[in-house]
Amino acid sequence: MEAFSAGTLAGAGSFRCDSCGFAVALHERDPVPGCPECGGRRFRRASLFGEHEPTPDHHDVAAPPDWLERARGALVEPGEYLAFEDDERVRVVPLEEGWTRIGRSLSAHIRFDDPTVSRRHALLYCDADGARILDDRSLNGVFRNGERVELAELEDGDEIDVGRFRVFYVALVSNPAALAG
């Protein structure tokens, strides 16, 4: 049996369903579940010290950048990817099943060396049911399509804001160019 210290493990913590308030506790390697009470898929980190929930933050979302469709068209393997621009270079990172750490830490799978990004900013979980993004107690929050989220399902084309970076989730079922040729 593994022992965990509270608050020291990335991804560990308590969450409440946005729909019904049902509490769920997760450890690092736990899959992100649907709510056992109502089946909901949206959760918020639950406070250990009371029921006060902060008001969700929102921001405007700009049109997707021109490079996104070119990056999508260059992909040849079906799968799930994160695409973003860093130092004027477009990067497309394939996602593997399980957890992907996003942050400023040297141990992050996707690393942004920028003060607007927390060392442990976000976690992305992929499995056969799709992908979910989890705010890993970041200072500036994680935004999906302009809405601040604690835990959220991702769909193809979703914009995830991590600090000053716009990251796009790409779920490629098959290459449309291959179907036309």
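Buried means under 20% relative accessible area, exposed over 50%, and partly exposed in between, with a 1.4 Å probe and protein chains only. The exercises below concern a predicted model, in which local features need pLDDT of at least 70 and side-chain atom pairs count only at pLDDT 80 or more, while totals for chains, interfaces and linings use all residues. Residues are numbered from 1 along each chain as its sequence is written, and side-chain values use heavy atoms, with hydrogens and water left out.

**Exercise 1. Overall description**

Task: State how many helices and strands the protein has, and what share of its residues is buried.

Solution. Begin with the secondary structure, taken as DSSP runs numbered from the N terminus (helices are H or I with at least four residues, strands are E with at least two); the protein has two helices and 14 strands. Next, turn to burial, where 43% of the 181 residues are buried. Finally, consider contacts, defined by heavy atoms within 4.5 Å: among those with a separation of 6 or more, 46% are between residues 24 or more positions apart.

**Exercise 2. Salt bridges**

Task: Find which residue pairs with Asp 156 in a salt bridge, and decide whether Asp 113 and Arg 111, which also form one, are buried, partly exposed or exposed.

Solution. Side chains of opposite charge can pair when their charged atoms come close. The criterion applied here is a side-chain nitrogen of Lys or Arg within 4 Å of a carboxyl oxygen of Asp or Glu, and by this rule there are nine salt bridges.

Step one: Asp 156 pairs with Arg 72, with an N to O distance of 3.0 Å. This pair joins distant parts of the chain, since Asp 156 sits in the loop between β12 (151-154) and β13 (159-162) and Arg 72 in helix α1 (residues 67-74), 84 residues apart. Asp 156 is partly exposed at 40% relative accessibility, whereas Arg 72 is buried at 17%.

Step two: the closest N and O atoms of Asp 113 and Arg 111 are 3.9 Å apart. Asp 113 is exposed because its relative accessible area is 61%, while Arg 111, at 31% relative accessibility, is partly exposed.

Step three: for comparison, take Asp 127 and Arg 132, whose salt bridge has an N to O distance of 3.5 Å. Asp 127 counts as buried at 17% relative accessibility, and Arg 132 is buried with a relative accessible area of 2%.

**Exercise 3. The surroundings of Val 167**

Task: Locate Val 167 in the secondary structure, and list the residues that it touches beyond four places away in sequence.

Solution. Val 167 belongs to strand β14 (residues 165-172), and with 4% relative accessibility it counts as buried. Leaving out residues up to four places away in sequence, Val 167 touches Leu 82, Ala 83, Phe 84, Phe 112, Asp 158, Glu 159 and Ile 160. As a separate distance check, the C-alpha atoms of Val 167 and Arg 144, 23 residues apart along the chain, are separated by 9.5 Å.

**Exercise 4. Positive phi angles**

Task: Determine where Glu 88 and Asn 145 are placed in the chain, and how accessible each of them is.

Solution. Glu 88, although not a glycine, has a positive phi of about 65°; Glu 88 is in the loop between β4 (79-86) and β5 (89-94), and its relative accessible area of 76% makes it exposed. Asn 145, likewise a residue other than glycine, has a positive phi near 50°; Asn 145 is in the loop between β10 (142-144) and β11 (147-149), and is partly exposed with a relative accessible area of 40%.
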